[in-house]
Amino acid sequence: MIPRYTRPEMGHIWSEENGFQKWLEVEILAAEGLARLGKVPKAAIARIRRKARFNVQRIRAIEAEVKHEIIAFLSSVAESIGDDARYLHVGMTSSDVMDTALAMQFKEASALIDQDIKNLMSVLRRQARKYKWTVMIGRTHGVHAEPITFGLKLALWYQEMARHHARFQKAVDDICVGQISGAVGTFAQISPKVEAYVCRKAGLKPALISNQIIQRDRHAFSTTGSPLIHRQGRHGRGL
C-alpha cells in the first residue's frame, strides 16, 4: 500500500509486519490444533506463544540466502523459541500458511470497508428523508425533463449501495476461507481437524476442497464480478 493513498488502518493491515504476524498466528494455531490431538506437547504451545518473535529484516536476509520465504520466516521465528520450533509447520505446506494468512488479512480489510459502506448508506438514507420534498430537474438524454426531488435521487443511490453491500458481503464470504491440508491438499500428514480448528479460531471457513493452494477463482470473481457480466456481446447478450 502507498501510504499517501490509504488510511493508516488499511495500510497497517497490508503491511509486511502484519502479513508476517498473520503467518505466525496460523503456525501457532496449527500447533495448538495438533496439541489438542496429542501430537504436540501442550506445554510447548505455552512456551511458543510466550517467546515467538520474528524480525522482518532478518527474514529478508535469510531469504536472500535460502530463496524461500517460508523457510526464512520459520528460521527467524526459531531463533526466538529454540527447540520448540520443531512443533511449528508440522505436516503443513507453505500455502497453508500464506493463503490462510491472506484470508485473515482480507477479513480485517473487509471489516473496514463494510463499515464504510454502512456509514455511507446511513448518510444517504438520512439525506433522502431530509430532501424528499426538495424539487430539482430530472434529466433524460442529458437535458432537462420532468421535475423530481433530490430525495428521490438520494433514495436511488441508497438502494444501489444496498445492492453493492450485498455483493460485497458475498465476495467476502467467498474469499475468507483457509486451508491446513498439507502438500497438494491430501491431509496425508495432518488431520482435517487441525484445519477446522485453525479456521474456527481465525474466523474463516475451511475450503471444502483445495490442492496446493486455495483456488484463485474466488479472488478473481470477487474482484471482477460474475464472468457472465464480462462476457457480453456488443448488444448486451450473455455469451
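**Entry 1: the hairpin**

I began with strand 1 (residues 135–140) and strand 2 (residues 143–149), which pair in the antiparallel sense over five bridges. For pairing I required that DSSP find at least two bridges between two strands. Helices (H or I, at least four residues) and strands (E, at least two) were taken as DSSP runs and numbered from the N terminus.

I then looked up the partners across the hairpin. Met136 stands opposite Ile148 in strand 2, and Arg139 stands opposite His144 in strand 2. Two residues lie between the strands of this hairpin. His141 is found in that loop between strand 1 and strand 2, and I noted its phi near 55°, a positive value in a residue other than glycine. Most residues other than glycine have a negative phi. His141 counts as exposed, at 80% relative accessibility; I used under 20% relative accessible area for buried, over 50% for exposed, and partly exposed in between (1.4 Å probe, protein chains only).

**Entry 2: provenance**

I recorded that this is a predicted model, in which local features need pLDDT of at least 70, side-chain atom pairs count only at pLDDT 80 or more, and totals for chains, interfaces and linings use all residues. Residues are numbered from 1 along each chain as its sequence is written, and side-chain values use heavy atoms, with hydrogens and water left out.

**Entry 3: the whole chain**

I listed nine helices and four strands for the protein. From the N terminus on, the elements run α-α-α-α-α-α-β-β-α-β-α-β-α. The radius of gyration is 24 Å, well over the 18 Å that the globule rule gives for 239 residues, so the protein is more spread out than a compact globule. I took this radius over C-alpha atoms, the globule rule being 2.2 Å times the number of residues to the power 0.38. The C-alpha trace spans about 75 × 40 × 35 Å along its principal axes.

Of the 239 residues, 38% count as buried. Among contacts between residues at least 6 apart in sequence, 67% join residues at least 24 apart, where contact means heavy atoms within 4.5 Å.

I located Gln105 in helix 6 (residues 94–130). Gln105 counts as buried, at 8% relative accessibility. Leaving aside neighbours within four places in sequence, I found Gln105 in contact with Ile13, Trp14, Ser15, Asn18, Gly19 and Lys22.

Ala171 lies in helix 7 (residues 150–175) and counts as buried at 13% relative accessibility. I noted that Ala171 and Thr100 are 71 residues apart in sequence and 16 Å apart in space, C-alpha to C-alpha.

I turned to the loop between strand 3 (177–178) and helix 8 (192–202), where Ser191 has its place. Ser191 is partly exposed, with a relative accessible area of 23%. The C-alpha atoms of Ser191 and Ile180 are separated by 8.5 Å, the two residues being eleven apart along the chain.

Phe187 is found in the loop between strand 3 and helix 8. I recorded a phi near 60° for Phe187, a positive value in a residue other than glycine. Phe187 is partly exposed, with a relative accessible area of 26%.
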